[in-house]
Amino acid sequence: MTVPALSKPVSVLLNICQKKFIKLAAMSSKTAYETLSVSVPHEFVYHVTLNRPDKLNAFNRTMWFELGNCFNELNEDEECRVIVLSGAGRLFTAGIDFANLMEVSTLIAAQDDVARRAKIINNFIVKYQDSITSLELCKKPVLAAVHSACIGAGINLITAADIRYCTKDAWFQVKEVDIGMAADVGVLQRLPKVVGSDSLVRELCYTARKMHADEALNCGLVSRVFENKEKMIEETLKVAESIASKSPVAVQGTKTSLVYSRDHSVQDGLDHIANWNQLMLLSEDFAEATMGQINKEKNVKFSKL
Ligand SMILES: CCC/C=C/C=C/C(=O)SCCNC(=O)CCNC(=O)[C@H](O)C(C)(C)COP(=O)(O)OP(=O)(O)OC[C@H]1O[C@@H](n2cnc3c(N)ncnc32)[C@H](O)[C@@H]1OP(=O)(O)O
């Protein structure tokens, strides 16, 4: 890119930024994870799988950290425009790994003082919260595909996703009260915004009862139910491919605006998108996509972002 009309300091700055950007862009998501598997089934479509099937994909310490790292990395990866999230093995996830709770208890027991103990607990709660929130902060839409059981930490996870699908044998359980705790990594904050009924949310969270696929569909926790996992993944990948074919400027701006507007007034949301689009409508994507529509072009290609 040449920048003829810019003053020297501005073009020097731009040059530095471009070099940094090229370095960042070169960092593709090639990290190998212990608890996750990441594949690229289609151009711009990433598939992240919770991959501790022998432990029912329970969240151990490594999984908590790898999830956050993975979604932060995919957020930066220009090869990634959309992410499908599923679980390996016989169920989506059994929630937090009890061994992880034991590890934390051991750390706490090593301290006598209440303030030191509280600091340790706060530290791991916040880190686990950040791990789940990484799905929401990732500008690329996340499509959660749930089969069989989705328990405890699992519901916290999927409520931070953009779109949720499940198989007809799926069930969901906000299980935390059964282990003597108030859920603290997002479900109490996000589930009421996903599901229309505050009464139903309270019932699920106070009783820890199972909610099956048909009820999850009726209340809006999921938007589609599939016969089996194979069909679900096939259809989820089709939706992901459709999203990946759109302008990344448009899709990422849409996610950012939806997340922002969920937590702000209508006017604040309108101000936010006006500020956003006063820049993004200057992007080449806007012109190219609009011309594509006018000319009825089927395959408009957009640059990486
Ligand atoms: C700051 C903290 C933030 C996070 C908080 C998160 C909280 C939560 O996630 S609360 C929810 C915790 N999870 C549970 O209570 C689920 C417990 N498991 C089950 O209910 C059942 O195992 C399940 C319905 C998932 C499957 O039942 P099934 O009969 O098919 O299998 P099981 O024989 O029960 O289990 C098979 C082996 O897996 C082990 N296992 C199951 N869940 C966990 C787990 N969460 N952590 C560790 N290990 C788990 C189970 O002990 C069996 O092991 P083994 O006996 O060695 O075969």
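Modeller: A residue counts as buried if 20 or more other C-beta atoms, placed from the backbone, lie within 10 Å of its own, as exposed if 12 or fewer do, and as partly exposed in between. This is a predicted model, in which local features need pLDDT of at least 70, side-chain atom pairs count only at pLDDT 80 or more, and totals for chains, interfaces and linings use all residues. Residues are numbered from 1 along each chain as its sequence is written.

Colleague: OK, which is serine 148, buried, exposed or partly exposed?

Modeller: Serine 148 sits in the loop between strand S4 (142-146) and strand S5 (149-151). Helices (H or I, at least four residues) and strands (E, at least two) are DSSP runs, numbered from the N terminus. The phi of serine 148 is positive, about 55°, although it isn't a glycine. With 19 other C-beta atoms within 10 Å, serine 148 is therefore partly exposed.

Colleague: And phenylalanine 44, buried or exposed?

Modeller: Phenylalanine 44 is in the loop between S1 and S2. It isn't a glycine either, yet it has a positive phi of about 75°. It has 21 C-beta neighbours inside 10 Å, so phenylalanine 44 is buried.

Colleague: Which strands stand at the edges of the sheet?

Modeller: The open, mixed sheet has six strands in the order S1-S2-S3-S4-S6-S9, where two strands pair if DSSP finds at least two bridges between them. One side of each edge strand lacks a neighbour because each has a single partner strand, and those edge strands are S1 (36-42) and S9 (224-226).

Colleague: What does the twist average from one strand to the next?

Modeller: Axes are lines fitted to C-alpha atoms (for helices over the stretch in contact), with angles from 0 to 180 degrees between N-to-C directions. From one strand to the next, the twist averages 25°.

Colleague: At what angle to S1 does helix H2 run?

Modeller: Contact here is two C-beta atoms, placed from the backbone, within 7 Å. Helix H2 (residues 61-76) lies across S1, strand S2 (45-50) and strand S3 (82-87), and its angle to S1 is about 30°.

Colleague: Which element gives the most to the shell around the ligand?

Modeller: Of the 20 residues around the ligand (C-beta, placed from the backbone, within 6 Å), Ala94, Gly95, Ile96, Gly152 and Lys175 come nearest. The elements giving two or more residues are helix H4 (114-137) and S5. The top contributor, with three residues, is H4.
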